[in-house]
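I opened this notebook to keep track of what I looked up, one topic at a time. The entries follow the order in which I went through the model.

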Amino acid sequence: AGGGSSLVAGIWGQWAQWTTCLVRCQGQRTRLRSCNAIQNLPGAVTCPGESLQTANCSDEPTCGLNRE
């Protein structure tokens, strides 16, 4: 008994490309995805999860490299 609805009324699309960091290795970048194929199901959850991701620009692989 209890518990939430297990019906899901949509499917997440692919993540868009990350935005560009305005200053190399500083600040944050984001990307979005859209909820697709939304159905009208009473009590259903529409695409559970987040539509926006955020990452630190300093996490880019090239930020830890030394230039010589």
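**Entry 1: terms and ground rules.** I began with the disulfide, which I take to be a pair of cysteine sulfur atoms within 2.5 Å. This is a predicted model, in which local features need pLDDT of at least 70, side-chain atom pairs count only at pLDDT 80 or more, and totals for chains, interfaces and linings use all residues. Residues are numbered from 1 along each chain as its sequence is written, and side-chain values use heavy atoms, with hydrogens and water left out.

**Entry 2: the chain as a whole.** I looked up the elements next, where helices (H or I, at least four residues) and strands (E, at least two) are DSSP runs numbered from the N terminus. The protein chain has 0 helices and 4 strands, and I read their order from the N terminus as β-β-β-β. For burial I used relative accessible area, with buried meaning under 20%, exposed over 50%, and partly exposed in between (1.4 Å probe, protein chains only). By that rule, buried residues account for 15% of the 68 residues in the protein chain.

I then checked contacts, meaning heavy atoms within 4.5 Å. Of those in the protein chain between residues at least 6 apart in sequence, 63% join residues at least 24 apart.

**Entry 3: the disulfides.** How many disulfides does a search of the whole structure find? The search finds 3, and when I number the bonded cysteines of the protein chain in sequence order, the pairing reads 1-5, 2-6, 3-4.

Cys 21 and Cys 57 form a disulfide with their sulfur atoms 2.0 Å apart. This pair links distant parts of the chain, since Cys 21 sits in the loop between E1 and E2 and Cys 57 in the segment after E4, 36 residues apart. The link of Cys 21 and Cys 57 is left-handed, with -100° about the S-S bond, and both Cys 21 and Cys 57 are buried.

Cys 25 and Cys 63 form a disulfide too, their sulfur atoms being 1.9 Å apart. Cys 25 is in the loop between E1 and E2 and Cys 63 in the segment after E4, so this pair ties together parts 38 residues apart in sequence. The torsion about their S-S bond is about -100°, so I noted the disulfide as left-handed. Cys 25 counts as buried at 18% relative accessibility, whereas Cys 63, at 22%, is partly exposed. I also wrote down that phi of Cys 25 is near 65°, a positive value in a residue other than glycine.

Cys 35 and Cys 47 form a disulfide with sulfur atoms 2.0 Å apart. Cys 35 lies in strand E3 and Cys 47 in the loop between E3 and E4, so the pair ties together parts that are 12 residues apart in sequence. Here the torsion about the S-S bond is about 80°, so the disulfide is right-handed. Cys 47 is buried at 5%, and has a positive phi of about 45° although it is not a glycine.

**Entry 4: the salt bridge.** I searched for salt bridges, each a side-chain nitrogen of Lys or Arg within 4 Å of a carboxyl oxygen of Asp or Glu. The whole structure gives 1, in which the side chains of Arg 29 and Glu 60 meet at 3.9 Å, N to O. Arg 29 lies in strand E2 (residues 28-32) and Glu 60 in the segment after strand E4 (52-56), so the pair ties together parts that are 31 residues apart in sequence.

Is Arg 29 buried or exposed? At 16% relative accessibility, Arg 29 counts as buried. Not counting residues up to four places away in sequence, Arg 29 touches several residues, among them Trp 18, Cys 21, Cys 57 and Glu 60.
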